[in-house]
Amino acid sequence: MPDPALPDGFDLTDPDLLHHRVPFPEFAELRRTEPVRWIAQPHGLAGFADDGYWAVTRHADVKHVSTHPEIFSSTRNTAIIRFHEHIQRDAIDAQRLILLNMDPPEHTRVRQIVQRGFTPRAIRALEERLRARAQAIVADARARSGPFDFVTQVACELPLQAIAELIGVPQEDRAKIFDWSNRMIAYDDPEYAITEEAGAQSAAEIIAYAMNMAAERKRCPAHDIVTTLVAAEDEGNLNSDEFGFFVLMLAVAGNETTRNAITHGMHAFLTHPGQWDLFKRERPATTAEEIVRWATPVNAFQRTATRDTELGGARIREGQRVGLFYASANHDPDVFEDPDAFDITRDPNPHLGFGGGGPHYCLGKSLAVLEIDLIFNAVADTMPTLRLAGAPRRLRSAWINGVKELRVTQA
């Protein structure tokens, strides 16, 4: 294969890069020429005691890594591909208590417990409440005169309400969860002026809040998910620490990612008016899956090789980090016909926006799909003539494909 035509020092996790764009041309070049490529970094730049990572850009290779946790570990260096360079190793290691950063068999044990909160019956029980909330959120946005920010007025609210409904957070406390979760992931963006220490403090606040909830349910069990997960540890439930870290994961995995999927989806509709007209007319059941493929809110996670292995023609050594670039996999022409087209009727759609399969496949996929369907049905019913009032302002992040602001108005 020819060498990829990339500039010297090009790094797919550079937060300044994602601040401006997803590097789709570079992904295409790598898939074509060197689908598993070593990306050199200055020593310790990502917070790890190493000099870079392997970038995995093809759909098949991302799936292979995702489904072989015995070779590619989430625990050794966590799934986060880039921390601040000054982070302490003990702060990284502490994140191993989060489900996202566990390997089997511990991951298997914890996931089997928390799955109780995401059964089809549990999601169906939320549907009517979330439908009413989606309609109220959009109606409130419609009542505003002039341009407004779709992110804060529409996209952020339903995912927050869904997670809060799921675990029983009182309405008066929900804004605190939203603020804490924002602070945890925004430390790369100077506009927010949030230090890594402030982000860690916000994570601690969420954990403490959740642990207090768990302790209360143990004293006074109720008919809710928290009680189901924590009330009887000797029957295979979560202890208070485990529940705290579970809620911490939900605050990002269930809130930030779905919010960004909704925002990217609205932008896609308003820049592809034919697809918006199609949705308003027919409401295809395939819509949410295409929005997630198109948005790919998590641009990349990582694994660490537990032994020497080979992938895509590259020799990966034990201890080296491997970056899984889902945005690239979701535009792989070997898998998707016309991958650069936004097509809400795409079927089949084997995208990796919910992960590449294996033990870390998204626990809350059905809830996320429900939220996306509900909010876009509400927008189509209540604000069908919505249009852009400005370009999206992107989040500066090493691994989240985020949008801070999307100004819209009603025609």
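**Reading the model: loops, helices and overall form**

Modeller: Let us begin with arginine 283, which lies in the loop between H13 and H14. Please keep in mind that this is a predicted model.

Colleague: What is the phi of arginine 283?

Modeller: The phi of arginine 283 is positive, about 50°, although the residue is not a glycine. The residue comes just after H13. With a relative accessible area of 27%, arginine 283 is partly exposed.

Colleague: Which other residue has a positive phi although it is not a glycine?

Modeller: Aspartate 338 does, again with a phi of about 50°. Its place is in the loop between H15 and H16. Exposure begins over 50% relative accessible area, so aspartate 338, at 51%, counts as exposed. A glycine can be read alongside these: glycine 168, which follows H8, has a positive phi near 80°.

Colleague: How should I read the packing of two helices?

Modeller: Two packed helices are described by the angle between their axes and the distance between the axes. Here, helix H13 (residues 273-282) packs against helix H16 (residues 365-382) at an angle of about 90°, and their axes are 10 Å apart. Angles of 65 to 115 degrees count as roughly perpendicular, and H13 and H16 are therefore roughly perpendicular to each other.

Colleague: Which residues make the contact?

Modeller: H13 contributes Trp276, Phe279 and Lys280, while H16 contributes Phe376, Asn377, Val379 and Ala380.

Colleague: Which residues of H13 are buried, and how are they placed around the axis?

Modeller: The buried residues of H13 are Gln275, Trp276, Leu278 and Phe279. They span an arc of only 160° around the axis, which means that they lie on the same side of H13. The face turned away from that buried side carries the exposed residues Pro273 and Arg281.

Colleague: What covers the buried residues of H13?

Modeller: The cover includes helix H12 (240-271), helix H14 (287-295) and H16.

Colleague: How many residues of helix H8 are buried?

Modeller: Helix H8 (residues 157-167) is mostly covered, with 10 of its 11 residues buried. Among them are Leu158, Pro159, Gln161, Glu165 and Ile167.

Colleague: Let us turn to the whole chain. How many helices and strands are there in the protein chain?

Modeller: The protein chain has 16 helices and 12 strands. Its radius of gyration is 21 Å, close to the 22 Å that the globule rule gives for 411 residues, so the chain is as compact as a globular protein of that length. Along the principal axes, its C-alpha atoms fill a box of roughly 55 × 55 × 40 Å.

Colleague: What share of the residues is buried, and what share of the contacts is made by residues 24 or more positions apart?

Modeller: Buried residues make up 56% of the 411 residues in the protein chain. Of the contacts with a separation of 6 or more, 72% are accounted for by residues 24 or more positions apart.

How values were computed. Residues are numbered from 1 along each chain as its sequence is written. This is a predicted model: local features need pLDDT of at least 70, side-chain atom pairs count only at pLDDT 80 or more; totals for chains, interfaces and linings use all residues. Side-chain values use heavy atoms; hydrogens and water are left out. Axes are lines fitted to C-alpha atoms, for helices over the stretch in contact, and angles run from 0 to 180 degrees between N-to-C directions. Helices (H or I, at least four residues) and strands (E, at least two) are DSSP runs, numbered from the N terminus. Angles under 35 degrees count as roughly parallel, over 145 as roughly antiparallel, 65 to 115 as roughly perpendicular and the rest as oblique. Contact means heavy atoms within 4.5 Å. Buried means under 20% relative accessible area, exposed over 50%, partly exposed in between (1.4 Å probe, protein chains only). The arc is that of the directions from the helix axis to the C-beta atoms. The radius of gyration is taken over C-alpha atoms; the globule rule is 2.2 Å times the number of residues to the power 0.38.
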